[in-house]
Amino acid sequence: CACKIYFQSAIIGSMAIDRGEVMYNIKSICFDNTQASDFRASSCMIVTNAHGKILYENGANKDLKMPMASTVKVAIALALAKQITQGLLSLDTEYPLCDEDILPGMPNNFLDKLFFNPNKTCIKVPLRDMLNNMIKTSDNTSADYILKLIGSPEISGPETVNKLIKDELGINGFNFESSIRALLSNYYQFPCIKTPENIETAKQV
């Protein structure tokens, strides 16, 4: 089968692997210090690409909850897809994004790069482009804006995502509590709001 190997929460690589060799490969890649001394992983997992079935998992931290980081963007995309299917949102709609909407990220990212531009920004962006770049380049600005769109006065964006993933899809152990801006501000330890001072701080992070 085609499989992915996970070390902690990172995908290290994909490979074609015979199911009977799963134990051997995991041991040699993850836990055999003579063959994989650079890894010394504390937990590993092999998952099928086709159906996401776990073929093997082991390690001291295999039950430890890890921060989702940008993997939460997949869940945001699912919540958006549901609302598009329901006719509540359209991928063709253009939305205005201005300085107050821009977040830092990789300097070459679709919208995140605008955080590093000292000039005032206010552009119209199709929802389709935001979705594509949120998934393809992990664009933080797109993710945070989509999170606002799928929320409502009655239920916030993160709560909307939680409801879909936990209540409707039945995925336990998932928890998403705040905006992307709040997550970034907490992680980088500076307010991710576009100001001359924060632009310089973001360049150094």
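This is a predicted model: local features need pLDDT of at least 70, side-chain atom pairs count only at pLDDT 80 or more; totals for chains, interfaces and linings use all residues.
Author: Residues are numbered from 1 along each chain as its sequence is written, and side-chain values use heavy atoms, with hydrogens and water left out.

Reader: Why is the contact between Asp 92 and Arg 128 called a salt bridge?

Author: A salt bridge needs a side-chain nitrogen of Lys or Arg within 4 Å of a carboxyl oxygen of Asp or Glu. In this pair the closest N and O atoms are 2.7 Å apart, so the contact qualifies. The two residues come from distant parts of the chain, 36 residues apart: Asp 92 sits in the loop between α2 (72–85) and β5 (94–98), and Arg 128 in helix α3 (residues 127–136). Helices (H or I, at least four residues) and strands (E, at least two) are DSSP runs, numbered from the N terminus.

Reader: What makes Asp 92 exposed?

Author: Exposed means over 50% relative accessible area, buried means under 20%, and partly exposed lies in between (1.4 Å probe, protein chains only). Asp 92 has 57%, so it counts as exposed. Arg 128, at 36%, is therefore partly exposed.

Reader: How many salt bridges does this rule give?

Author: The count comes to six. Among them is the pair Lys 163 and Glu 168, with N and O at 3.4 Å.

Reader: How do you know that Lys 203 and Glu 200 form a salt bridge, and where are they?

Author: Their N to O distance is 3.5 Å, so the pair meets the rule. Both belong to helix α7 (residues 196–204), and because they are three residues apart, about one helical turn separates them. Lys 203 has a relative accessible area of 49%, so it is partly exposed. Salt bridges that share partners also join Lys 82, Lys 163 and Glu 168 into one network.

Reader: Why are Cys 98 and Cys 122 called a disulfide?

Author: A disulfide is a pair of cysteine sulfur atoms within 2.5 Å, and these sulfur atoms are 1.9 Å apart, so the pair qualifies. Cys 98 in strand β5 and Cys 122 in strand β6 (residues 122–126) lie 24 residues apart, linking distant parts of the chain. A search of the whole structure finds one disulfide.

Reader: Are Cys 98 and Cys 122 buried or exposed?

Author: Cys 98 has 14% relative accessibility, so it is buried. Cys 122 has 52%, so it is exposed.
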